[in-house]
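Please look through the model below with the following notes beside you. They are set out as numbered points for a reader who is new to such structures.

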Amino acid sequence: DGPWLLYDNHEDPYQLDNLVGQSRHGDLQAKLDAVLRRKLKDTRDRFFPGAAYVEKWGYPIDPTGTVPYTP
């Protein structure tokens with residue numbers, strides 16, 4: 001159920017313009033959604049919300065509720 005993100009990394013390398021829901025990208029969005037759903041079904045992945053994975057694997061989170069980036 002999202003939130004979904006779709007960017008044109010060539011035209012928008014800083015990912016400022018989320019293309020999801022824009023009619024001109026509807027076909028691509030539908031195609032990518034079908035690929036994702038097929039892969040989730042094939043791997044029996046229920047695709048839980050991010051917080052479920054944070055809890056499952058014990059990731060540390062910062063005060064904003066985000067998993068900090070560690071290179």
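1. How many aromatic pairs does the count come to by the rule used here? The count is four aromatic pairs, where rings of Phe, Tyr and Trp (its six-membered ring) pair if their centres lie within 6.5 Å, and where planes under 30 degrees apart count as stacked, over 60 as edge-to-face and the rest as tilted. Tyr-53 and Trp-57 form a stacked pair, with 5.3 Å centre to centre and 20° between the planes.

2. This is a predicted model, in which local features need pLDDT of at least 70 and side-chain atom pairs count only at pLDDT 80 or more, while totals for chains, interfaces and linings use all residues. Residues are numbered from 1 along each chain as its sequence is written, and side-chain values use heavy atoms, with hydrogens and water left out.

3. Both Tyr-53 and Trp-57 lie in helix H2, four residues apart, which is about one turn of the helix; helices are DSSP runs (H or I, at least four residues), numbered from the N terminus. Ring pairs also link Phe-48, Tyr-53, Trp-57 and Tyr-59 into a cluster.

4. Leaving aside neighbours within four places in sequence, Leu-19 is in contact (heavy atoms within 4.5 Å) with Leu-6, Tyr-7, Asp-8, Arg-24, His-25 and Gln-29. The C-alpha atoms of Leu-19 and Gln-29 are separated by 8.9 Å, and these residues are 10 apart along the chain.

5. Val-67, in the segment after helix H2 (50-57), is partly exposed, with a relative accessible area of 39%.

Note on methods:
Helices (H or I, at least four residues) and strands (E, at least two) are DSSP runs, numbered from the N terminus. Buried means under 20% relative accessible area, exposed over 50%, partly exposed in between (1.4 Å probe, protein chains only).
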